[in-house]
Amino acid sequence: MAQLARYSGLNTYFGDVHNHCGVSYGRGSLEDAYQNARLQLDFASVTVHAHWPDIPTGDPRLDYLVDYHARGFEAATEQWPHYQAITDASQVEGAFVTLPSFEWHSMAYGDHVVYFKDTGASHIIPATDLADMRAHLRELAGRGIDTFLIPHHIGYRRGYRGINWAAFTPEFSPAVEIVSFHGLSEHTEAPYPYLHSMGPRDAHSTVQHGLGLGHIFGFIGSTDHHNAHPGHYGYGRLAVWAEALTREAIWVAIRARRTVALTGDRINLEVALNGAVMGAVVPASVERRMEIYVMGGAALDVVEVLRNNRVIHRWHPDLSGAEWDGGLVKVFLELGWGEEPASTPWNVNLQVQQGRLYDVEPRLRGHGIEPPPDDMRDRFAFSDVTQPEPDRVRWSTVTWRNPTVSTPATQGLCMTIDGDVHTRIAGHINGHDVDLALGDLRDGAQSRYLGGFVSPAYCFHRAIPQAELEGRFTFEDRTSSTSRDWYYVRVRQQNGHYAWSSPIWVDPDRQA
């Protein structure tokens, strides 16, 4: 439920609109992908790799790359009717929304995803360059067919599949994907560096550079996951402020730039400037009153207000109050670890006693870039989360050992609980009895092992009270600027997850 008056009538919905499966190249079925998406997302688009007009040829070192993509594009064309059918069949208005999309690669202009609001009108467009693509999309618009053209992994150097800001227009591009498994493109000193073999970030390909050039665009995050797991936790997601959970409403929200880029956790973020919501362009004024509300997925660290790419205000939660003894908390349960060469199945059955289980947020992962265990190579949908009773959750999933000490393969579930120090989480995890009071989790995490040393383990992280999750403040900025200014909000949690609101622009040329 919205907290700021200007967001009244809107709801937050969470999604991933850029990810892949075995349709074209990638792994796992489209059916598996949407099964996974429904567990932790409100909307999704599973994207098909489709065309690369300027793929590098003539270099023997890259022959494998050319052949690999050619095979994938051919498979995409063959499977497109099946792709359309499953995308439509997976849609449930009011419960889960799907959008068809394909990816168009370009060395010169950077990669883009083309989205269609109407599955029946969707088709692969083999455009020769960005101008040709836009000409095709204009022709479709003339026939009443709505499309988006969203750039992604923009931070690579121009000419190396990074964005070409000189060719960017908002005509079909209301938003830009600023974070995915490739990394974060806000600026070159930002967290989540680019570590893919495609190369590092370049300052002239960043979000802040594009804003500085005067471009207007909203922010989204997506996973760009390639193994049939939309919403893969930690790779990137987006939130939209929409009137309803329908294709039309989600589409309108993205077009209006009412979007928030996320790294993973469901962070509810509301930003208003002089009464206008994120994504708006408002008339110039000397006094700019900002209202910010945030409900984090974990303890908040800092909320920053940026004007013209510079931080002008920082807010930190006030933790000077009395110790928590009742009210809303979030408890994150994480499963995995160990040195087992094979995968570990998990069965979790938990009940909240003497309190209320208010919400359950799955934080699930699929296979990453690293090879999965041999017994998981052909399994892509392996989790399930249900609530057979209001205060009970059942969860089955699979984990494998973390591939590196900085790359998690754990699975997670965040429970929002209304209770006090006597409220208990009781039940079983893989046959192990569980009985923990929220008071036991008030000061820190509690971990257990399934067996001996280096066996798989599970962890109930510290119960985070509402005072550490929630922030609400106003900020007054006074400036005599005569040029267009832009403001956005960046949220950082103590667990390292982030959110970025789409900007709000103050434009002297905009009439009241």
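## Helix α3

In this predicted model, the buried residues of α3 are covered by elements that include β5 (101-104), β6 (112-116) and β7 (147-151). Those buried residues are L130, M133, R134, L137 and L140. Viewed along the axis of α3, they fall within an arc of 115 degrees, so they line one face of the helix. A131 and G142, on the other side of α3, are exposed.

Helix α3 comprises 13 residues (residues 130-142), which at 1.5 Å a residue should span 18 Å; the end C-alpha atoms are 18 Å apart, in agreement. At the start of α3, the backbone nitrogen of A131 has a side-chain oxygen of D129 within 3.2 Å. After α3 comes G144, with a positive phi near 80 degrees.

## Aromatic pairs

There are 20 aromatic pairs in the structure. Y156 and Y194 form an edge-to-face pair, 4.6 Å centre to centre with 65 degrees between the planes. Y156 is in the loop between β7 and β8 (175-180), and Y194 is in the loop between β9 (183-184) and α4 (207-212), so the pair ties together parts 38 residues apart in sequence. Y156 and Y194 are both buried.

The ring centres of F168 and F217 are 5.9 Å apart and their planes are at 75 degrees, so this pair is edge-to-face. F168 lies in the loop between β7 and β8 and F217 in the loop between α4 and β10 (218-221); the pair therefore ties together parts 49 residues apart in sequence. F168 and F217 are both buried.

## Charges over rings

The charged end of R161 sits over the ring of W52, 4.6 Å from its centre. R363 lies over the face of F332, 5.0 Å from the ring centre.

Conventions
Residues are numbered from 1 along each chain as its sequence is written. This is a predicted model: local features need pLDDT of at least 70, side-chain atom pairs count only at pLDDT 80 or more; totals for chains, interfaces and linings use all residues. Side-chain values use heavy atoms; hydrogens and water are left out. Helices (H or I, at least four residues) and strands (E, at least two) are DSSP runs, numbered from the N terminus. The expected span of a helix is 1.5 Å times one less than its number of residues. Buried means under 20% relative accessible area, exposed over 50%, partly exposed in between (1.4 Å probe, protein chains only). The arc is that of the directions from the helix axis to the C-beta atoms. Contact means heavy atoms within 4.5 Å. A polar contact is a pair of N or O atoms within 3.5 Å; within protein, one must be able to donate a hydrogen and the other to accept it, and residues adjacent in sequence count only if both atoms are side-chain atoms. Rings of Phe, Tyr and Trp (its six-membered ring) pair if their centres lie within 6.5 Å; planes under 30 degrees apart count as stacked, over 60 as edge-to-face and the rest as tilted. A charge sits over a ring if NZ of Lys or CZ of Arg is within 6 Å of the ring centre and within 35 degrees of the ring normal.
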